[in-house]
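Me: I am new to this structure and would like to learn how to read it. Could you take me through a few features, one at a time?

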Amino acid sequence: METGHKPDEGMKYRGQELDSGYDEPETNPTHALGRKWFLLRFLDVESRGILPTLPKERTDPQFYKVFFIWLSANCNILSFSAGTVGPLIFELGFRDSALVIFGFNIIGCLLPAYFSTFGPKTGMRQMVQARYYLVAIPALLNAATMMGFMILNCILGGETLASVSDGSLSWNVGIVIIAVISLIISFCGYRVLNWYERVAWFPILIIFIIALGIGGKHLSDPPPPVPVTARQVLSFGSTIAGFVISWCALSSDFTNYMRFETPSWKVFVWSYAGLIFPIALVQILGAGFAASLTNVDAWSSGYEEYSVGGLLHGILSPAKGFGSFLTVLLSLSVSANVAPTLYSFSLNFQVIFPPLHYLPRPVFSLIASAILIPLSIVGKTRFYLNLVNFLGIIGYWVGCFGATILMEHLVIRKGKWERYDVAVWDKSRQLPLGLAALLSSAGSFGLIWAVMDQVWWVGPIAKTTGDIGFEVAFALTALLYPPLRLAELRLLSR
C-alpha cells in the first residue's frame, strides 16, 4: 500500500488551482457573505467542502479516529434490525443467520476499509476520487444510497421513540427529533463529528449488554419452518453485503485530514476493526432475538405494533422505567449513523455540481435535512419492505463502483499515488470521459438481471441460487474494466 513518496513529491498540486473561492470571504468579516462564514469559523464549524486538502493541511496525527467513526456509526439499532432480517424475512434459524452475517461481513468490510486509506494519500473525498474514472454518475447513485440509509435510520429511531411513549409521541415527531440531532452534529463538521463518534458507541454497547442480560434466558434456536436453501442464504447474504459495502462510497471522507505519512496499513486495520466488530456482533444479536421472538409475548406484541423499536422496548420492559430510558437512548443511537452520512451527503451536492464548492459545506447539510424529514415521514409505514429491497439493490451498483475503483488504482495507476493529478479534480475535460466505467458496469448488468432476487423481479438463475447480484457485479466489472480503460486511454489519452 505504500509507495515511499513524500507528499510534495508524490502528488501533483498547483496551489492556485486548488483555491476554494471562499477562503478569503471566510476570513474577511466585512464581506457580505463573509460575515456569515466568519461566524462559522468563530464557532469552529468546518466549512470546507470537496476541495482537496493539500499535504500541509493534512495535519491530523490521530489515525485511530477512524475506528471510532465506524464503531459508533454501526453500533446502533439499524445494525440490530439488519440482523433480524435473517429469521423474520428469510426464515433462517439463528445459527444459519449468524454464519451468514459473520461470513459476508468478513469479506464485505475489506472494501470500505481499504478505500479509507485513499484519504491521507490523495487528500480527496471519496466521490471526488470517483471523478477520476466517471465524473458525476457515482455521486448521484451515492446520494440516493445515503438518503435511503438516512430515511431508514430516522424511521427506526422514530418508531422506537414512539414505542416508549406508548403512542403519545407520534412517529413523525420522533423522526424530526432524530433528524435535528443528526443535523446539529453534521453541521459542525469534522472536529465535532469525530468527538461525538468517539463517545457515542459506549452507552449503546452497555445497553445491548443489559438487553442480553435481561432477555438472554429466553433466547433459543428453534428449527427453521422450512429446510434451508441456497436461495435463502445467498439472498440474506446479499442484504448483509449491501449493508456494509455501501460505506465504501464515503470511506475517505473521514480520513482526508490525516497526515500523508500515515501508514496505509494502520488506517486499514483500524477501519476494518471499526467496521467488523460492531456490525457482526450487533447483527448477530438482532438475529438471536428475532429467532426467539415468539418465546415472549411482550417481544412479539411490541414487534407487531412498532416493528424493531417495539421489540427492543419489549426486551427492556422488565426493567420498568429504567428500561424505557434505555430504549430512548437506543433510539438516539441512529444519530451516530445519520450524522456522518449526512456529512458525506452534503458533499455530494458539490461533487455533482462542482461550482457549488464555493459555498460552505454546512449549507448543504441544511438542504439535505429538509429533504430527509418529509421523505422519512412518507416512508415510515413500510420499514422492513424498504430495508430488504433497498439493501439488496444498492449492492449492485456499489459492486460495480468498488471493482472500478480497485482496478483503476491497482491496475491502471499501478497503485501509485503520484498518478493522481489532484489539480484537475474539477476539470472535466482533463478527467476520464468514463466510457470504460459505463461499459463495464453495463456489461455486468447484462447478467445481473438473471441473478436478482427481489420482490418485484426474480431472475431465472436466482430462482435456484438466490440473489448473487453483488458478486456478479463486482466480478464482471473487475474483468471488463481494465481492457476497456486501456482502450479508452489509447483513443482519448485521458
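Me: Let me start with D60 and K65: are they buried or exposed?

Reply: Both D60 and K65 are buried. Buried means under 20% relative accessible area, exposed over 50%, and partly exposed in between, with a 1.4 Å probe and protein chains only. Keep in mind that this is a predicted model, where local features need pLDDT of at least 70 and side-chain atom pairs count only at pLDDT 80 or more, while totals for chains, interfaces and linings use all residues. Residues are numbered from 1 along each chain as its sequence is written, and side-chain values use heavy atoms, leaving out hydrogens and water.

Me: What do D60 and K65 form?

Reply: Side chains of opposite charge can pair when their charged atoms come close. Here D60 and K65 form a salt bridge, with 3.1 Å between the closest N and O atoms. The term stands for a side-chain nitrogen of Lys or Arg within 4 Å of a carboxyl oxygen of Asp or Glu.

Me: How many salt bridges are there by this rule?

Reply: The count comes to seven salt bridges. One of them links E408 to R413, the closest N and O atoms being 2.9 Å apart. E408 counts as buried because its relative accessibility is 4%, and R413 is buried too, at 10%. Another joins the side chains of D426 and K427, at 2.9 Å from N to O. Both are partly exposed: D426 has 23% relative accessibility, and K427 has 25%. Salt bridges that share partners also connect E408, R413, R485 and E488 in one network.

Me: Now for helices. How do I describe a pair of them?

Reply: Two packed helices are described by the angle between their axes and the distance between the axes. Take helix α6 (residues 94–108) and helix α13 (residues 230–245): their axes come within 9 Å and cross at roughly 40 degrees. That angle makes α6 oblique to α13. Angles under 35 degrees count as roughly parallel, over 145 as roughly antiparallel, 65 to 115 as roughly perpendicular, and the rest as oblique. The axes are lines fitted to C-alpha atoms, for helices over the stretch in contact, with angles running from 0 to 180 degrees between N-to-C directions. Helices themselves are DSSP runs (H or I, at least four residues), numbered from the N terminus.

Me: Which hand does the crossing of α6 and α13 have?

Reply: α6 passes α13 in a right-handed crossing. A crossing is left-handed if the near helix is turned anticlockwise from the far one by less than a right angle, and right-handed if clockwise. For a left-handed case, look at α10 (residues 137–165) passing α16 (residues 320–332). Their axes come within 8 Å and cross at roughly 165 degrees, so α10 is roughly antiparallel to α16.

Me: What should I look for in the backbone angles?

Reply: Most residues other than glycine have a negative phi. E91 has a positive phi, near 60 degrees. E91 sits in the loop between α5 (77–88) and α6 and is partly exposed, with a relative accessible area of 38%. S307 also has a positive phi near 60 degrees, but its place is in helix α15 (residues 297–316). S307 is buried, with a relative accessible area of 13%.

Terms used: Helices (H or I, at least four residues) and strands (E, at least two) are DSSP runs, numbered from the N terminus.
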